[in-house]
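Subject: Structure for you to look at

Hi,

Here is the structure I promised to pass on. Please open it alongside this email, and have a look before reading my notes.

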Amino acid sequence: MFKLLACLPLLLVLLLAGCESTDGGNGSTTQSAAPMQRPGHLMPEVMPEDFAFSVRFGITGKNEINTFEGTVTKDLVTEGEATAGLTFTGSEMADIYTRLRDIDVMGELKLEPARQNCNQTPYDEEHWQIRLNGEEQTLEWSEEKCEVTEDAKKLKEIRSYIFELVKTKAEYLELPEAVGGYD
């Protein structure tokens, strides 16, 4: 009986340690097996020095805002394309970064719609290339299948915001007008 009482504290310690651990047995204690994901978890709060992005968009994906090269390209439809130099202010880049961070753009975004029950022509498309802290992320989506995911809608809202900034820049305003259209 005495041996059993002497082992009881040891058994209780082992039992309690086993109940706390959710790490699969590696000895560390965590609060949950899968920490709750929150927006921005893969992106630092402060914009990294190497943050840059390129987004091609529109019916043919020929419009482009490219901070890697400091350019904007406008689709002139039947007249080809026109490119001009473009720079954003530090505060504009920080604002764009914050918006991309808010949707956790370096995480797992769902851009492919679950339902693909139709095809439409022409359709909008977007092609993103994003760099920060030496890492690059490529994101693509289109409206070809008639459905757009919530993540794609959020990206489109950010791209629309960026494009509104671009449309106020003198360099963009000096580009020729588009001629024709897409049917």
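Predicted model: local features only at pLDDT ≥ 70, side-chain atom pairs only at ≥ 80, totals over all residues.

Residues are numbered from 1 along each chain as its sequence is written, and side-chain values use heavy atoms, with hydrogens and water left out. The helix and strand labels are DSSP runs numbered from the N terminus (helices are H or I with at least four residues, strands are E with at least two).

The core

The largest nonpolar core has 35 residues, and Phe 53 and Ile 65 touch the most other members. By nonpolar core I mean a set of buried Ala, Val, Leu, Ile, Met, Phe, Trp, Tyr and Cys residues joined through side-chain atoms within 4.5 Å. Buried is under 20% relative accessible area, exposed is over 50%, and partly exposed is in between (1.4 Å probe, protein chains only). Strands E1 (52-58), E4 (81-85), E5 and E6 (135-142), plus helices H2 and H3, each supply at least two residues. H3 gives the most, with seven.

Beyond four places in sequence, Phe 53 touches residues including Ile 65, Phe 68, Trp 128 and Ile 162; a contact here means heavy atoms within 4.5 Å.

The helix pair

How do H2 and H3 pack? Helix H2 (residues 90-102) and helix H3 (residues 150-166) meet at an angle of about 170°, and their axes are 10 Å apart. The axes are lines fitted to C-alpha atoms, for helices over the stretch in contact, and angles run from 0 to 180 degrees between N-to-C directions. H2 is therefore roughly antiparallel to H3 (angles under 35 degrees count as roughly parallel, over 145 as roughly antiparallel, 65 to 115 as roughly perpendicular and the rest as oblique). H2 brings Glu 92, Asp 95, Ile 96, Arg 99 and Leu 100 to the contact, and H3 brings Leu 155, Ile 158, Tyr 161, Ile 162 and Leu 165. Those residues split into seven nonpolar, no polar and three charged. In this scheme Ala, Val, Leu, Ile, Met, Phe, Trp, Tyr, Cys and Pro are nonpolar, Asp, Glu, Lys and Arg are charged, and the others, Gly among them, are polar.

Two buried side chains

His 127 sits in strand E5 (residues 125-132) and counts as buried because its relative accessibility is 16%. Its side chain makes a polar contact of 3.2 Å with that of Glu 140. (A polar contact is a pair of N or O atoms within 3.5 Å; within protein, one must be able to donate a hydrogen and the other to accept it, and residues adjacent in sequence count only if both atoms are side-chain atoms.)

Asn 66 is in strand E2 (residues 63-66) and is also buried, at 7%. A polar contact of 3.4 Å links its side chain to that of Glu 64. Leaving out residues up to four places away, Asn 66 touches Phe 53, Ser 54 and Thr 71.

Backbone details

- The peptide bond from Thr 121 to Pro 122 is cis, with omega near -5°, and Pro 122 lies in the loop between H2 and E5.
- Val 77 is not a glycine but has a positive phi of about 60°; at 18% relative accessibility, Val 77 is buried.
- Asn 133, in the loop between E5 and E6, has a positive phi of about 50° and is partly exposed at 48%.

Cheers
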